[in-house]
Amino acid sequence: MSDAAHTLILLRHGQSQWNEKNLFTGWVDVDLTEKGREEARRSGEMLREEGLLPDVLHTSRLRRAITTAHLALDAADRHWIDVKRDWRLNERHYGALQGKDKAQIRDEYGEEQFMAWRRGYDTPPPALEADSEWSQAQDPRYAELGSEVPATECLKDVVERLVPYWDEAIAADLRAGRTVLVTAHGNSLRALVKTLDGISDEDIAGVNIPTGIPLVYELDADLRPLTPGGRYLDPEAAAGAIAEVANQGAKH
Ligand SMILES: O=C(O)[C@@H](CO)OP(=O)(O)O
């Protein structure tokens, strides 16, 4: 018997076109690949098989998370639930690395700098120029941010924007008795997991989230995880995919 008071389901979007090409993505609004769509549908089937039925969806403002949620919820027959979208669930803005090949950046700057930019807690990459083709400075979906649209972020910046959203939106829905599905991104979910599990700034570097596999957190009445790290619905596939994410950049 579980003492869970609340259920939170985290889902990183399925494989994107730039995941497939091994490019830094951040806020660039790339679509899913066919494999990513299949991962999304499968994750919805897993939710249905487990009897995990979300009452409300929170997504980022990026297509890969929105489409993943749509496909997963359709497969779970929960396509009708309420939706909240917020830029604070977006991927980490990858600054001047957006659009760049991970393996090339690793070769050019070396393993240490590459990993500091990729997984260092407070090391943002250089800022992206506002006139870059990969900039979101003029994107109407972020109009509420005015001139505050990020030009780069480190994970610490993501934690700082995400925690208020957690408190005011996600935790509020959980406390209201809703099962919450969050579809988001590798680094916004790392920020959320860091907060939930109380992971240190150093140790979070070793945490990677696979695409398209639901991660379920049973939470107590104070929204503390009953099992640290939660539970992947397909643990075997998750283990393989986590290792692949960790090794990105090592392969050409
Ligand atoms: O490029 C990105 O936006 C992210 C997620 O795909 O990459 P990384 O895992 O290297 O932080």
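Predicted model: local features only at pLDDT ≥ 70, side-chain atom pairs only at ≥ 80, totals over all residues.
Trainee: Which pattern does the protein follow along the sequence?
Mentor: Helices (H or I, at least four residues) and strands (E, at least two) are DSSP runs, numbered from the N terminus. The protein has eight helices and six strands. Read in sequence order, the pattern is β-α-α-β-α-β-α-α-α-β-α-β-β-α.

Trainee: What radius of gyration does the protein have?
Mentor: The radius is taken over C-alpha atoms, and the globule rule is 2.2 Å times the number of residues to the power 0.38. The C-alpha atoms fill a box of roughly 55 × 40 × 35 Å along the principal axes. For 252 residues a compact globule would come out near 18 Å, which agrees with the protein's 17 Å.

Trainee: What share of residues counts as buried?
Mentor: Buried means 20 or more other C-beta atoms within 10 Å of a residue's own, exposed means 12 or fewer, and partly exposed is in between, with C-beta atoms placed from the backbone. Applied to the 252 residues of the protein, the buried share is 41%.

Trainee: And what percentage of contacts between residues at least 6 apart join residues at least 24 apart?
Mentor: A contact needs two C-beta atoms, placed from the backbone, within 7 Å. Take the pairs at least 6 apart in sequence, and the part joining residues at least 24 apart is 79%.

Trainee: How do the residues around the ligand divide by class?
Mentor: Near means that the C-beta atom, placed from the backbone, lies within 6 Å of the molecule or strand. The residues around the ligand are Asn19, Phe24, Thr25, Gly26, Glu91, Tyr94, Arg118, Gly186, Asn187, Val245 and Gln248. For the classes, Ala, Val, Leu, Ile, Met, Phe, Trp, Tyr, Cys and Pro are nonpolar, Asp, Glu, Lys and Arg are charged, and the others, Gly among them, are polar. The shell divides into three nonpolar, six polar and two charged.

Trainee: Is H4 parallel, perpendicular or oblique to H5?
Mentor: Axes are lines fitted to C-alpha atoms, for helices over the stretch in contact, with angles from 0 to 180 degrees between N-to-C directions. The axes of H4 (residues 102-109) and H5 (residues 111-119) come within 6 Å and cross at roughly 130 degrees. Angles under 35 degrees are roughly parallel, over 145 roughly antiparallel, 65 to 115 roughly perpendicular and the rest oblique. So H4 is, relative to H5, oblique.

Trainee: Which residues of H4 and H5 make that contact?
Mentor: By class, there are three nonpolar, one polar and two charged residues in the contact of H4 with H5. H5 gives Glu111, Gln113 and Phe114, while H4 gives Ile105, Arg106 and Tyr109.

Trainee: Is His93 buried or exposed?
Mentor: His93 sits in the loop between strand S3 (82-85) and H4. Leaving out residues up to four places away in sequence, His93 touches Gly26, Trp27, Pro150, Thr152 and Glu153. Along the chain His93 and Gly26 are 67 residues apart, yet their C-alpha atoms are 4.6 Å apart. With 25 other C-beta atoms within 10 Å, His93 is buried.

Trainee: How far apart are the C-alpha atoms of Leu57 and Asp82?
Mentor: Leu57 belongs to strand S2 (residues 56-59) and is buried, with 25 C-beta neighbours inside 10 Å. Beyond four places in sequence, its contacts include Ile81 and Val83. Leu57 and Asp82 are 25 residues apart along the chain, and their C-alpha atoms are separated by 6.2 Å.

Trainee: What is the phi of Asn22?
Mentor: Asn22 lies in the loop between helix H1 (17-21) and helix H2 (34-50). The residue is partly exposed, with 15 other C-beta atoms within 10 Å. Asn22 is not a glycine, but its phi is positive, about 65 degrees.

Trainee: Where does Leu223 lie?
Mentor: Leu223 is another non-glycine residue with a positive phi of about 65 degrees. With 17 other C-beta atoms within 10 Å, Leu223 is partly exposed. Its place is the loop between strand S5 (215-219) and strand S6 (231-232).

Note on methods
Residues numbered from 1 in each chain as written.
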